[in-house]
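Open the model in your viewer and keep the selection tool ready. The stops below go from one selection to the next.

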Amino acid sequence: MTAASGLAVDKLARPPVVWAPLLKDAALAALVAVLLALPLVGLQTYDIGGGALGIRTHFDWVAIAAAAVFVGRLALRLHPQLYGGRAAGGPTPISRLAIWANRQMLPITLAGIAFAVVLPFLPFSSRYLIDLGTTVLIYVMLGWGLNVVVGLAGLLDLGYVAFYAVGAYTFALLARDLGLSFWEALPFSGLVAASFGIVLGFPVLRLRGDYLAIVTLGFGEIIRIVLLNWAPVTGGPNGISDIPRPSFFGLPFARSAPEGVTTFHQFFGLEFSPDHRVTFIYFVILILALITNLFTLRIRKLPLGRAWEALREDEVACRALGINPTNVKLSAFAIGAMFGGLAGCFFATRQGFISPESFTFIESATILAIVVLGGMGSQMGVVLAAILLVTLPEFGRAFAEFRMLIFGAAMVAVMVWRPRGLISHREPTLRLGPQPTQGAGR
Amino acid sequence: MAYFLQQFINGLTLGSIYGLIAIGYTMVYGIIGMINFAHGEIYMIGAFISIIAFLVLGSVGITYVPLALAIVLLVTMFFTSVYGWAVERVAYRPLRGSFRLAPLISAIGMSIFLQNYVQIFQGARVKPMEPLVQGGFTVFESGGFAVRLSYLQLLIILLTLVLMIGFTSLIAATPIGRAQRACEQDMRMAALLGVDVDRVISMTFVMGAALAAVAGLMVTLYYGVVDFFIGFLAGVKAFTAAVLGGIGSLPGAMLGGILIGLIEAFWSGYFSVEYKDVSVFVVLILVLVFRPTGLLGQPDVEKV
């Protein structure tokens, strides 16, 4: 009820602050913080050798936590619009930024693409930076793929990593057993992942949103456990190594090639450098990601894309209008899975080695976090969130350790403060009648 | 036959633990219609608090096992309940009336947060715990195979039974239980009739967390190891139990828990240990596809 009282306070032109209840409230919050922190932060278990545990105290940390909660709670109560921001009137700076970004979408997009294209040739660019850019782009592509499912069709998929794994293993197996190259296997990876999407999706897409989420999580885990245990085919926990690298229209990236094969640097008369391959790989994923984006942007304007968004907003109304929800959802699921598979194929060729360890639930959660933080349905938001989440751990050891902690807290905070993401674009593409006034909230 | 009985006992013990966790899922779902994805982490926190409580008791010199068990039980239930309360207050209450998937996403975020919180402050290593309740007796012997029922298994099954009876009467015969049932039927109407809905929901999370804490304590004693990752799988399994029994139904949650425990025990006893988790996921998918209301659940009609 904080939000409602906050609104009332605003309308009454701020009566003088009554401190006693505020302080009492903050003290209670601090007490809760003490109770929370005491057993798990204040008392720490550690190994004392011989398989036994010792315990040491950190009551200073408990005191810090309590003080922080006290101050934080007081600040929230003094400025109610900080919490449950929906009730607060007027756009906040961040939502103003989001509105501006949505209006200037085209120039920002073009600038972003231009930057991505020239990045490897900039003077400060290094192999490390290009590698990092490649990782970011993989997550951007995965985020865009999942965005079709979660953002456009409104189906919460917690097992997206399964399709990523299927794509990666499809390529690895085709390369190992049939000797296919990356470019030959790429369409198969997409197709196989899409078929998995259909096969897995068909029985479960009648389920309600949150049931669907849990079932997809189950599928993700099943695929991982099968990959882990079906050792004769998948190599079990050891995975598959020596996956071939991609070639440039048949020109391999190597210092020296076998007889009769021209390498990339020989063909173009360049000095051999391992950076060529890294840069090339970067461009491959850039193109794949841009295809994903273009596809999504175009399909949003087709009847199918319209049906996805309509279904997300109101399934019952869609049924009444003669849209078959199962087919429409299935197509979203399959297309999302296909992009996941393509990204997986790329992942396999980039790493040269894959194992089930790369495809755990936390990976699904990371991709979902990217989509959610960016604002479900927003293509630009996905890019920002991916850059943020991937580069955060690069800033230092401390960040790497706290990365997932921050992820989790950020997911909660975004849902509480800006449930439509940092850069929200959950507007329906089409709207009948004049657009209602743009508020800060939903 | 003897082997079957042994697996049955093991499955029943495991199922009791799952059932206690499943009650938290089913109650929350019954009242506010969301999957509390972080509930598995609450159970994990319960397990950690119990191991820490045992260590503290050991260091102050309380070593009489029944007394230590009783104290740890109460301490764990209390502190874990605070976690249950706080999670609801911070991550779910501000989201009432938000869009449909918001609480679930928030819950996933909370789950990731709690997992890493425990990992950072308590370390990623597996925490061992020496067996506290030892011994047992042979139920019967046939063909050289003795069916054993350890005191610990007996304790787990009996404690679960006692908690279930107490909990059922709490729901059936106390004011807070009545308020919970009222909220489950129609939250708005309950609010109009003077039920403090926010408080009822908080109490639901507290109760669910307290029962999950008991499950955490049991698992600490039973397996003797705890790590920060146990909540995920146990959570999914307990959720499956809740769905199998019929989500929203308390006896269903217990029944589902025991069935899942038995399925897991028999699967690993007769087929393969590697795929025992797959068996649970397959059950979950089959139930949701063919009988989404579960064994004892009410059909759920989605209103416009």
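**Stop 1: I285 of chain A**

Select I285(A). Setting aside residues within four places of it in sequence, I285(A) is in contact with T134(A), L137(A), I138(A), M141(A) and F346(A). Keep in mind while looking that this is a predicted model.

M141(A) and I285(A) have the most contacts inside the largest nonpolar core, which has 218 residues. To see which element gives the most to this core, go to chain B and select residues 197-223: this is helix α8, and it supplies 16 residues. In chain A, the core takes at least three residues from domain 1 (2-90) and at least three from domain 2 (94-417).

**Stop 2: where the chains touch**

Show both chains. How many residues does each chain bring to the contact? Chain B brings 54 and chain A brings 46. On the side of chain B that touches chain A, the elements giving two or more residues are α2 (39-60), α3 (65-92), α4 (102-122), β1 (127-128), α9 (230-245) and α11 (276-290). Select α4(B), which has the largest share of that side, with 15 residues. Then colour this side of chain B by class: 42 residues are nonpolar, seven are polar and five are charged.

**Stop 3**

Select residues 250-270 of chain B, which form helix α10. Its 21 residues, at 1.5 Å a residue, should span 30 Å, and the end C-alpha atoms are 30 Å apart, so the two values agree. Is α10(B) largely enclosed or largely open? Of its 21 residues, 15 are buried, so the rest of the structure largely encloses α10(B).

Next select strands β2 (136-142) and β3 (145-150) of chain B, which run antiparallel and are joined by six bridges. One pair to pick out is F137(B) with its bridge partner in β3(B), L149(B).

**Stop 4**

Chain A has 18 helices and four strands, and 42% of its 442 residues are buried. Among its contacts between residues at least 6 apart in sequence, 76% join residues at least 24 apart.

- Select A37(A), in helix α2 (residues 19-42) of chain A. A37(A) has 21 other C-beta atoms within 10 Å, and 20 or more are needed to count as buried, so A37(A) is buried. Beyond its neighbours within four places in sequence, A37(A) is in contact with G42(A), W61(A), V62(A) and A65(A). Then draw a distance from A37(A) to E394(A): they are 357 residues apart in sequence and 29 Å apart in space, C-alpha to C-alpha.
- Select D242(A), in the loop between β3 (240-241) and α11 (264-267) of chain A. D242(A) is not a glycine, yet its phi is positive, about 60°. Inside 10 Å, D242(A) has 9 C-beta neighbours, so D242(A) counts as exposed.
- Select D314(A), in the loop between α13 (303-313) and α14 (315-320) of chain A. D314(A) has 12 other C-beta atoms within 10 Å, and a residue with 12 or fewer is exposed, so D314(A) is exposed.

How values were computed:
Residues numbered from 1 in each chain as written. Chains lettered and ligands numbered in written order. Predicted model: local features only at pLDDT ≥ 70, side-chain atom pairs only at ≥ 80, totals over all residues. Core = buried A, V, L, I, M, F, W, Y, C linked by C-beta atoms within 7 Å. Domains from an automatic or database assignment. Contact = placed C-beta atoms within 7 Å. Nonpolar A, V, L, I, M, F, W, Y, C, P; charged D, E, K, R; others polar. Expected span 1.5 Å × (residues − 1). Pairing = 2+ DSSP bridges.
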